[in-house]
Amino acid sequence: MRVCVIGTGYVGLVTGACLAHIGHDVVGVDNNAAKVAQMQAGISPIVEPGLETIMTGAMQAQRLAFTTDIAAGVRHGEVIFIAVGTPALPSGESDTRAVEAVARAIGTHLDGNYKVIVNKSTVPIGSGDWVRMLVSENAAPDVDFDVVSNPEFLREGSAVFDTFNPDRIVLGGSGRRAVALMKKLYEPITQRQVAAEAALPPVPVVVTDLASAEMIKYAANAFLATKISFINEVANICDRVGADVQQVALGMGLDSRIGGKFLQAGLGWGGSCFPKDVAALVHTACDYGYEAKLLAAAVAVNRSQRYLAIEKLRQSLGILKGKTIGLLGLTFKPDTDDLRDAPALDLAAECRRLGARVKAYDPTVRPERPPAGLEAGVAVCPESLAVGCDALVLVTEWAEFRTLDYAGLARSMARALIVDGRNFLDPQILAAAGFTYVGIGKPGAK
Ligand code: NAD
């Protein structure tokens, strides 16, 4: 099928490349000309395992191309995905200006052929009807199209795997023809032709009305974020009563009604989705006269959790003014280069506010391109990060942090203290390397 994906970021580029990989003819459209030039040269603008390989493979097979020309993209696609960003406004409301601009442009460029316009961006409930209105307002009277909501559930860091191995595909919309086309589009995936395990049953396709599909995305993210805030609250109680949250999470998670995923206590959730999606749902609830108390509490727990490392540093170091703190990891999770709403950045800002010097190392952040606030503070390797530090804080659980030469790092530090903000390291190994180890919700591991 001929597919157009508008917005080739973490979601759009992965979706486009994966659809091209399974045989569709895909054009990716982006208004960032530099990004388009990079992709045209076969270079992925984002760090995502496996993406560049399938992207260049599909380009060589002439099933994937990139352009800034939205008119050409719209003409090309029988199915047109909207996958532009919907960041949070300061009010918590979702900023849908990019979706609006794209929907209007699609309307302008629609021809007489039937098209399915697919909302893959996470958009406030009701956006499907709104997009239909915007397209119609800008289109000729005889255009023939349907709008489908197809929310995305991929995780950065395993986005290609997740696209080929989804737990479910959600399709919201009333147009039978559109839903049938979408099912056909995803058939190689739903029939497990590209799955890691071919013996699995077909991927469930959940067909709903537009609003329910939009709500599924928000509800799923809000639930996962709340689950993390829940275990973080339990961890904070564990810290006070002498229980170990990792043992508690294991014992809880083996209950099949609970499940062990998203029960890792740490410095809280971040990234480009959970914070903005929970905020948007709280905002929508408020708009419609409901106070989302549980979600507001999940947000509040998360906000304080981000600064828990400061509390732990204070307990060990006392005054932070004049101390040097080294952050291991900056991205909001491993295997991505995404720094949007990363807890490490808030932590760095708070350390600086308290008068500490902050340095950081992250495998995807180059010293010459530091994030704001860490100018001249990004180290080239963990070894140079550690030199002279009064403490290290592990913020992102990059696999490589498990096997560092911690004894060597300890020797180069002013004080060998480590706050393991993700309970990722083995306290005994760290102690043997000479570190004072502080975990989250693990009071016995000090
Ligand atoms: P992103 O910022 O990485 O990508 C958005 C892309 O759209 C950018 O490349 C930008 O240049 C482009 N763009 C913006 N306006 C445009 C326009 N008018 N015309 C053409 N291109 C335009 O965002 P993302 O992380 O891929 O997220 C996209 C959507 O998917 C969001 O709504 C997000 O909530 C949702 N989502 C994201 C994830 C994730 O893990 N990142 C997961 C599920 C859902």
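1. Start with the contacts of Phe153. In this predicted model, Phe153 touches Asp162, Pro166 and Ala220, leaving aside residues up to four places away in sequence. Phe153 sits in a loop. That loop runs between strand S6 (145-149) and helix H7 (159-164).

2. Is Phe153 buried, exposed or partly exposed? Phe153 has 16 C-beta neighbours inside 10 Å, so Phe153 counts as partly exposed.

3. Now look at Leu263. Leu263 also belongs to a loop, the one between helix H10 (245-253) and helix H11 (274-287). Leu263 is buried, because 21 other C-beta atoms lie within 10 Å.

4. Which residues does Leu263 touch, not counting residues up to four places away in sequence? They are Lys227, Ile231, Ala249, Met252 and Gly253.

5. Phe153 and Leu263 share an annotation. UniProt, in an unreviewed entry, marks both as "binding site". The annotation also covers Leu154, Arg155, Glu156, Lys217, Phe262, Gln264, Ala265, Gly266, Gly270 and Lys333. These residues span 181 residues in sequence, and their farthest two C-alpha atoms are 24.0 Å apart, so they do not all gather at one spot.

6. Last, a domain. The unreviewed UniProt entry places "domain: UDP-glucose/GDP-mannose dehydrogenase C-terminal" at residues 326-427. In the model, that span is 24% helix and 16% strand. The C-alpha atoms at the ends of residues 326-427 lie 18 Å apart.

Conventions: Residues numbered from 1 in each chain as written. Predicted model: local features only at pLDDT ≥ 70, side-chain atom pairs only at ≥ 80, totals over all residues. UniProt positions renumbered as here; feature names shortened; annotations may be inferred. Helix = DSSP H or I, 4+ residues; strand = E, 2+ residues; numbered from the N terminus. Buried ≥ 20, exposed ≤ 12 C-beta atoms within 10 Å, placed from the backbone. Contact = placed C-beta atoms within 7 Å.
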